[in-house]
Protein chains: 4
Amino acid sequence: MNTYFFNDLLGTIVERGRSIIDRGQGRAATNADLADLAESLVGGRGEASGVAVAATLLDDYAELDREARAGFFRILAERFGAPPGPLAEAARAFIERPDETNALRLHDVSEPRRQELIRRLNRAPGGTAALVEMRTDLLRELREHPELTAVDHDFRHLFSSWFNRGFLVLRRIDWSTPAVVLEKIIRYEAVHRINGWEDLRRRIDPADRRLYAFFHPALVDDPLIFVEVALTGDIPSAIAPILAEERQPLDPKRATTAVFYSISNCQEGLRGISFGNFLIKQVVEELARDFPALDTFVTLSPVPGFRAWLDQERGKEGPAVLTAADRTLLDKLDDPGWTADEATVAAAKPVLMALCAGYFHQSLTKHGTPTDPVARFHLGNGARLEQINFLADGSAKALAASHGLMVNYLYDPRQIERHHEAYANEGRIAVSSAVRRLVRKTSQREPSQHQSAVASHE
Amino acid sequence: MNTYFFNDLLGTIVERGRSIIDRGQGRAATNADLADLAESLVGGRGEASGVAVAATLLDDYAELDREARAGFFRILAERFGAPPGPLAEAARAFIERPDETNALRLHDVSEPRRQELIRRLNRAPGGTAALVEMRTDLLRELREHPELTAVDHDFRHLFSSWFNRGFLVLRRIDWSTPAVVLEKIIRYEAVHRINGWEDLRRRIDPADRRLYAFFHPALVDDPLIFVEVALTGDIPSAIAPILAEERQPLDPKRATTAVFYSISNCQEGLRGISFGNFLIKQVVEELARDFPALDTFVTLSPVPGFRAWLDQERGKEGPAVLTAADRTLLDKLDDPGWTADEATVAAAKPVLMALCAGYFHQSLTKHGTPTDPVARFHLGNGARLEQINFLADGSAKALAASHGLMVNYLYDPRQIERHHEAYANEGRIAVSSAVRRLVRKTSQREPSQHQSAVASHE
Amino acid sequence: MNTYFFNDLLGTIVERGRSIIDRGQGRAATNADLADLAESLVGGRGEASGVAVAATLLDDYAELDREARAGFFRILAERFGAPPGPLAEAARAFIERPDETNALRLHDVSEPRRQELIRRLNRAPGGTAALVEMRTDLLRELREHPELTAVDHDFRHLFSSWFNRGFLVLRRIDWSTPAVVLEKIIRYEAVHRINGWEDLRRRIDPADRRLYAFFHPALVDDPLIFVEVALTGDIPSAIAPILAEERQPLDPKRATTAVFYSISNCQEGLRGISFGNFLIKQVVEELARDFPALDTFVTLSPVPGFRAWLDQERGKEGPAVLTAADRTLLDKLDDPGWTADEATVAAAKPVLMALCAGYFHQSLTKHGTPTDPVARFHLGNGARLEQINFLADGSAKALAASHGLMVNYLYDPRQIERHHEAYANEGRIAVSSAVRRLVRKTSQREPSQHQSAVASHE
Amino acid sequence: MNTYFFNDLLGTIVERGRSIIDRGQGRAATNADLADLAESLVGGRGEASGVAVAATLLDDYAELDREARAGFFRILAERFGAPPGPLAEAARAFIERPDETNALRLHDVSEPRRQELIRRLNRAPGGTAALVEMRTDLLRELREHPELTAVDHDFRHLFSSWFNRGFLVLRRIDWSTPAVVLEKIIRYEAVHRINGWEDLRRRIDPADRRLYAFFHPALVDDPLIFVEVALTGDIPSAIAPILAEERQPLDPKRATTAVFYSISNCQEGLRGISFGNFLIKQVVEELARDFPALDTFVTLSPVPGFRAWLDQERGKEGPAVLTAADRTLLDKLDDPGWTADEATVAAAKPVLMALCAGYFHQSLTKHGTPTDPVARFHLGNGARLEQINFLADGSAKALAASHGLMVNYLYDPRQIERHHEAYANEGRIAVSSAVRRLVRKTSQREPSQHQSAVASHE
């Protein structure tokens with residue numbers, strides 16, 4: 001109702017965000033110039049003319065080439081940490097008298113000067129977007145320059161605070177959304193590629209399709225993360241029917257199942273800041289409110305590590321996981337044309353499904369959690385591994401990654417917390433009885449030391 | 001242009017903000033219950049069902065009475081600081097090897113657990129508003145309970161980061177603004193009281209009146225700070241003509257002067273987080289863009305400490321500041337009816353104006369800056385003390401505070417930085433030659449050790 | 001969802017609407033000047049520079065005094081009708097050959113030139129609002145100048161077409177509505193006066209109060225008609241509890257009854273263009289959607305003609321309507337203090353209720369419909385006279401109009417059409433059995449020749 | 001500023017507009033059923049349950065096949081005209097006493113019942129859009145069924161009134177516009193086809209490109225007409241550089257010229273309702289306000305009738321327009337490859353330009369206006385024929401229509417009215433001296449009887 005007020009409010013943000021584009025005046029600044037500006041910004045001038053200094057620094061940064069940017073990051077690492085002298089002094093004072101006052105002082109003194117620098121840079125018009133971009137550059141350098149870790153630590157600390165879930169806004173994206181946002185959805189979709197505007201339209205315009213995204217007010221029309229949802233009559237066992245060009249839409253009021261079939265993070269510069277957990281849960285709430293008949297919330301997810309694990313097991317000697325029969329079959333699957341051979345397909349089905357069910361229990365990190373990152377995400381959120389689908393994605397990419405298998409993770413609002421706690425505290429993963437039945441006895445007999453399955457009330 | 005998108009976006013925020021109101025279900029929680037919830041929130045459960053736990057804690061808090069709230073704060077102070085053991089260990093490690101890694105660890109370990117708690121509370125719907133409210137309570141307790149200082153330190157640290165100028169949005173308030181915002185303007189005005197809706201209308205509806213406010217997206221329709229502006233033909237020397245009920249509005253295109261005649265902070269819970277500096281500067285920019293004929297940006301400000309200082313000087317012996325003639329005159333002004341006596345008025349004018357000019361140079365803090373808080377704010381922002389106005393505000397409040405004097409501080413965009421730096425680095429205050437001429441020779445001969453005037457190009 | 005687009009769209013309208021205010025340049029035009037402009041507008045120039053000519057005419061009109069405006073209307077009546085010569089010719093042609101072509105030509109030729117003039121005036125920025133204002137003036141003149149009837153006929157014809165229900169937009173008004181709209185609600189409320197902003201707030205802000213208005217896009221922020229609704233637990237029998245200052249709001253989800261307790265037309269210049277019927281029906285739809293538990297939609301309405309009718313009957317001789325006992329009682333009620341006398345109150349109740357029930361059946365227009373205008377409106381809309389309430393409004397106004405009685409008209413969506421048709425085709429009014437039982441036998445024995453009651457399924 | 005209010009306001013319209021889509025329930029109505037509904041709608045039921053009846057009629061209509069729709073139109077033509085008996089009577093009464101009262105009655109009685117029917121249909125949700133669709137059907141039938149002319153007459157009469165310029169809203173379309181609007185722009189562009197979303201983007205996103213459209217609030221997100229504008233440094237002499245894929249955008253603040261290079265009507269059902277004149281003039285105003293440096297407003301327009309006229313002249317005997325040399329050259333141009341032959345191109349240029357200049361003066365309708373419809377539109381609006389461009393559009397379509405010539409019409413705000421009046425009253429067309437110099441003497445010596453050129457101040 002009173003949303004009006006913030007139209008223009010954010011209109012203002014937009015304008016400020018846009019104005020940054022016009023700013024570059026072709027000055028060629030060096031990374032040393034930037035370091036001077038940075039000093040000036042965290043020093044006295046930052047107070048009076050801070051916005052202008054911040055804007056200039058960000059503009060100049062945008063003009064730097066990759067090497068100069070790396071040089072600027074090095075300066076940040078070397079010169080903008082906490083001041084060693086005072087820090088040592090505060091550390092000693094705390095050891096001498098470990099009271100709250102000295103603890104507080106120690107915390108204040110130990111704050112790297114980078115944090116104040118980043119906060120002041122954020123005051124510039126379009127500052128937040130520029131800083132997210134800057135961290136994208138930083139992450140690229142970080143791979144080869146571990147000495148920049150401390151710099152990234154500060155970015156990440158502040159972004160975690162600024163992109164707090166309380167500041168995020170969920171928005172449905174549909175065919176009435178401005179093109180400037182839609183083109184970003186096309187660009188950012190990372191799971192099932194969107195082939196142009198008509199393909200996008202098929203995913204957001206029909207009554208049985210939904211797309212939700214989180215936005216941050218300071219990033220204007222740039223989404224942080226989004227999820228694509230299909231409303232269906234049952235849990236889907238393949239992706240093709242969902243993405244089909246010719247499809248009879250379902251009346252959403254008659255749908256019983258909401259399928260989260262694609263989740264994409266949009267901002268490389270926000271890597272490590274977690275939104276997906278909150279997104280799924282709020283979308284479940286929204287959908288449940290809009291369509292009271294929905295009773296099942298489920299994903300249709302890839303199994304990105306399955307085949308690599310199989311290949312690893314094939315390299316091992318002995319029958320630990322793979323039987324001789326398994327190996328013979330898997331050899332056949334090395335021929336990418338196997339899906340056209342009926343006999344192989346028929347033979348592969350029980351074997352792959354059993355192995356895949358085993359995979360989630362046997363391929364574990366040192367913490368006892370599945371190595372499969374998608375599994376870790378959903379199981380960690382409190383979902384349950386519900387169903388394994390044979391030949392669910394026939395694309396070359398999926399055949400290469402998982403022999404075409406996909407799985408469903410089920411989000412049952414009444415069980416989420418129980419599953420999450422069992423996972424977080426005891427390393428147990430929630431698995432449906434159907435999947436449990438797929439797991440071969442041998443694997444069940446020798447569960448990982450860290451892990452066992454949670455029995456779910458079905 | 002593409003502001004549309006964020007209507008609903010913020011509509012969503014609004015809804016979430018509103019829903020909090022419906023939440024209290026009359027449960028009677030104790031401060032110990034809250035401490036348990038807080039433990040749970042910063043611990044494992046915070047990840048999976050954090051939003052719900054945070055919402056419950058905030059709801060329960062809202063039900064507590066004052067004493068229980070104070071108890072909750074005490075628990076936060078005692079139990080939610082940095083863990084002393086690990087902190088001592090990290091401190092020792094740094095002293096032993098003062099490298100970047102150990103500095104970083106020291107900073108991480110020294111972070112009070114309260115900070116993570118506050119961040120997680122912020123995830124709840126309406127969390128930001130509830131936290132600002134909570135700090136309002138805290139500041140009240142703080143007066144008598146200095147042991148809560150560390151708790152406030154953490155609130156303040158996070159609020160400084162969250163209410164970063166880059167996240168604030170400037171909005172003009174006018175007669176088309178929703179009533180829910182306008183009623184807050186009426187309530188928050190702290191300088192020249194707004195007497196109901198018609199009085200408000202006189203300040204925002206005429207073409208030569210403007211009101212601008214900063215908003216934060218998470219606080220929906222609650223302003224953070226606002227400034228009231230009159231567009232005039234010259235620098236005003238009294239407040240009454242500006243607030244007059246019957247007034248012929250000026251065509252704003254013909255105005256040469258923008259007068260900032262009232263600035264009010266709105267959120268007690270954000271005390272110490274500074275917005276005014278940024279607000280004035282952005283409003284100057286907005287006005288300059290809308291009305292290119294404007295060439296003068298000036299305040300009409302009270303002098304809250306003048307009379308108290310005079311009274312102090314009257315208590316001193318010797319002629320240091322006040323002459324015998326001064327004292328005789330000031331005695332007369334003790335009778336509040338003096339403004340009706342023409343002879344006294346005529347005699348008072350030169351004396352009060354000279355003394356007031358002297359006041360800004362002579363009544364100094366230990367840092368050498370003026371004791372007058374309004375002066376400190378504007379001079380620190382880079383403004384210049386431009387004009388002293390005799391009998392500019394005849395209200396009882398103003399007579400009591402400053403014998404009715406008001407002053408104008410001038411914001412000259414070309415001089416702001418120079419003035420600020422002279423003030424910040426050398427303690428020199430910018431003063432117009434007109435005001436300088438008012439200062440008596442003796443005072444000029446003996447400038448404060450810290451302070452002297454900046455010559456301004458006029 | 002895609003409403004965004006039209007923000008700015010209507011923003012544009014607003015601007016245009018506003019710009020008209022700045023336009024008057026103090027030229028003193030006469031009604032003859034206006035007539036010249038009008039000629040020019042319906043003639044050739046209207047095509048090329050029509051908007052400018054229309055704007056000038058409307059500006060000039062706004063500067064005229066009442067007499068000159070009346071003069072302008074007279075010119076419209078005399079010179080801007082249909083051209084008599086061509087009209088006579090077309091009439092003769094039709095009589096000679098009454099085919100479709102000649103009928104069409106006759107219709108075209110018979111159109112008064114005023115209609116094209118009004119359509120072209122509407123092209124000016126703010127034209128629609130200016131024309132509604134112009135008709136307000138016209139209606140005032142019309143009382144004494146029946147020769148202007150034809151001019152009004154043309155305004156009314158076009159307004160009926162332009163303010164077609166398909167172009168109206170229903171909006172809920174609440175505390176988030178801009179002040180510029182709210183002040184109009186205060187001004188336009190015609191049934192139960194709104195005493196300032198706090199009183200307004202009590203009618204729109206609590207969860208169990210609603211106010212809905214129809215708007216037309218070309219009239220920007222000016223409502224056409226609005227209705228105030230209270231959500232309650234039962235059919236109310238008095239107005240005071242609804243308007244009470246101190247009230248515990250009802251949770252609207254638990255309300256069973258929506259009470260339309262005030263309906264006000266806002267635009268005098270749109271008199272005779274009917275919106276109320278559509279408004280009530282759409283509000284019923286909105287409420288039914290928002291609050292599925294609502295099962296009763298009812299008014300709480302005045303009975304404006306009751307006492308006048310009683311007084312008339314008292315003047316008649318014989319026992320036709322009033323018995324001797326009635327007359328004795330009514331004599332007592334002439335003393336305005338009667339409501340304080342318990343015995344009189346007790347005696348009055350059965351008599352007034354019976355007479356009031358009879359009033360709706362006996363006080364009839366020549367068409368056989370009730371003389372009471374409020375009854376005609378609601379019964380004509382398909383409502384049923386549900387309940388008569390004794391001493392429901394103790395205000396002086398209500399005592400004078402109806403001895404304090406109010407009634408409820410019930411809107412039962414399943415019966416609306418049946419009731420309407422019985423009323424429209426047979427003159428029968430729908431009355432609840434409770435009200436029917438109140439009617440004295442004698443009246444029932446001698447129903448009006450035109451009218452009888454519709455039995456309602458209860 | 002207070003545009004907010006109408007977001008939701010139009011949101012409501014949108015919803016109502018959308019709901020109509022869900023309505024069809026597969027009932028198979030006949031045109032006779034519709035006629036019954038229509039009778040019921042203009043009769044008594046129209047008052048009480050009119051909206052529902054109207055909605056049903058429109059839904060049923062949408063289900064009819066083409067033949068049944070034609071049948072419905074025939075019934076409208078035959079049974080829903082003015083009632084012949086009363087009309088004849090009213091005609092006679094007027095002949096007998098031709099006063100204002102009888103004229104009025106005659107006009108009222110002569111109104112076809114179709115008009116009230118259409119007005120009542122408009123009350124349905126989405127009614128306006130459905131009626132515009134209905135007229136699209138009607139216009140198609142009209143070509144072969146002139147007996148439906150009267151039906152179209154009524155649609156057109158009401159649409160002219162409803163789509164009055166005062167109810168239209170100008171909106172800039174850009175990359176922030178919702179996709180649902182943008183896809184319509186792609187579909188409706190009729191002059192220079194838009195090849196997909198990237199091509200659209202090139203026309204609306206760069207800073208030196210603008211697209212403006214008129215909307216009607218009742219048609220929600222469907223534009224009525226739009227114009228595409230390029231901001232340039234001079235008057236363009238060819239279309240290709242404007243539509244080029246790779247282009248360096250001009251800083252719009254440095255542009256001197258606004259080029260209207262494409263104007264498209266969007267709604268076939270609104271044929272004959274003129275918006276273009278108003279659109280161009282308001283866009284000129286908008287651009288002039290946004291970019292004060294603009295001093296030239298000009299089109300780049302096709303010459304659709306030029307070649308057809310040439311071919312006609314070639315068929316005539318004698319040297320009236322074409323010389324023998326002309327004929328020889330034109331024979332060469334019959335080979336579509338001529339543009340590749342330098343010699344032919346060089347020879348063609350002076351001949352085609354002279355003939356084209358002559359064409360506008362010599363190819364005239366019986367009213368003495370140019371036969372070229374684009375010329376009639378712009379010259380009628382008060383523009384001047386400014387420049388003739390040789391080989392300005394090399395597309396097959398343009399070569400076929402005009403041997404590749406295009407022209408510029410100049411809109412000079414100071415001359416528009418003078419030009420329009422000369423055109424409207426005296427049939428004189430405004431032509432620049434450059435174009436005048438192109439016209440061969442012989443043609444100038446023998447100007448058409450109706451027409452001559454207006455001298456323009458250059």
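## A loop residue of chain B

Thr365(B) lies in the loop that connects α16 (342-362) and α17 (373-380) of chain B. Helices (H or I, at least four residues) and strands (E, at least two) are here DSSP runs, numbered from the N terminus. Thr365(B) counts as exposed because it has 12 C-beta neighbours inside 10 Å. The term buried applies to a residue with 20 or more other C-beta atoms within 10 Å of its own, exposed to one with 12 or fewer, and partly exposed to those in between, with C-beta atoms placed from the backbone. Between Thr365(B) and Arg156(B), 209 residues apart along the chain, the C-alpha separation is 25 Å.

## Basis of the model

This is a predicted model, in which local features need pLDDT of at least 70 and side-chain atom pairs count only at pLDDT 80 or more, while totals for chains, interfaces and linings use all residues. Residues are numbered from 1 along each chain as its sequence is written, and chains are lettered from A and ligands numbered from 1 in the order in which they are written.

## Organisation of chain A

Chain A contains 21 helices and 10 strands. Of its 458 residues, 46% are buried. Two residues are taken to be in contact if their C-beta atoms, placed from the backbone, lie within 7 Å. Among the contacts in chain A with a separation of 6 or more, 73% join residues 24 or more positions apart.

The domain assignment divides chain A into domain 1 (24-162), domain 2 (166-299) and domain 3 (302-455). These bounds come from an automatic or database domain assignment. The centres of domain 1 and domain 3 of chain A, taken over C-alpha atoms, are separated by 44 Å.

## Helices α7 and α9 of chain A

Two packed helices are described by the angle between their axes and the distance between the axes. Axes are lines fitted to C-alpha atoms, for helices over the stretch in contact, and angles run from 0 to 180 degrees between N-to-C directions. In chain A, the axes of helix α7 (residues 113-121) and helix α9 (residues 149-162) come within 9 Å and cross at roughly 50°. The helices α7(A) and α9(A) are therefore oblique to each other; angles under 35 degrees count as roughly parallel, over 145 as roughly antiparallel, 65 to 115 as roughly perpendicular and the rest as oblique. Their crossing is right-handed. A crossing is right-handed if the near helix is turned clockwise from the far one by less than a right angle, and left-handed if anticlockwise.

On the α7(A) side, Arg114(A), Gln115(A), Ile118(A) and Arg119(A) meet Val151(A), Asp154(A), Phe155(A), His157(A) and Leu158(A) of α9(A). The residues of this contact comprise 4 nonpolar, 2 polar and 3 charged. In this classification Ala, Val, Leu, Ile, Met, Phe, Trp, Tyr, Cys and Pro count as nonpolar, Asp, Glu, Lys and Arg as charged, and the others, Gly among them, as polar.

## Leu121 of chain A

Helix α7 of chain A also contains Leu121(A). Leu121(A) counts as buried because 27 C-beta neighbours lie inside 10 Å. Apart from neighbours within four places in sequence, Leu121(A) is in contact with Ala54(A), Leu57(A), Leu58(A), Gly127(A) and Leu131(A). Leu58(A) is 63 residues away along the chain, and its C-alpha atom is separated from that of Leu121(A) by 7.4 Å.

## Helices α15 and α16 of chain D

In chain D, the axes of helix α15 (residues 324-333) and helix α16 (residues 342-362) come within 10 Å and cross at roughly 115°. The crossing of α15(D) and α16(D) is left-handed. Asp326(D), Leu329(D), Lys332(D) and Leu333(D) of α15(D) make the contact with Thr344(D), Ala347(D), Ala348(D), Val351(D) and Leu355(D) of α16(D). By class, 6 of the contact residues are nonpolar, 1 is polar and 2 are charged.

## Loop residues of chain C

Leu391(C) is located in the loop between β7 (384-389) and α18 (396-402) of chain C. Although Leu391(C) is not a glycine, its phi is positive, at about 45°. Leu391(C) counts as partly exposed because it has 19 C-beta neighbours inside 10 Å.

Pro125(C) occupies the loop between α7 (113-121) and α8 (127-142) of chain C. With 21 C-beta neighbours inside 10 Å, Pro125(C) therefore counts as buried. Pro125(C) and Tyr261(C) are 136 residues apart in sequence, and their C-alpha atoms are 36 Å apart in space.
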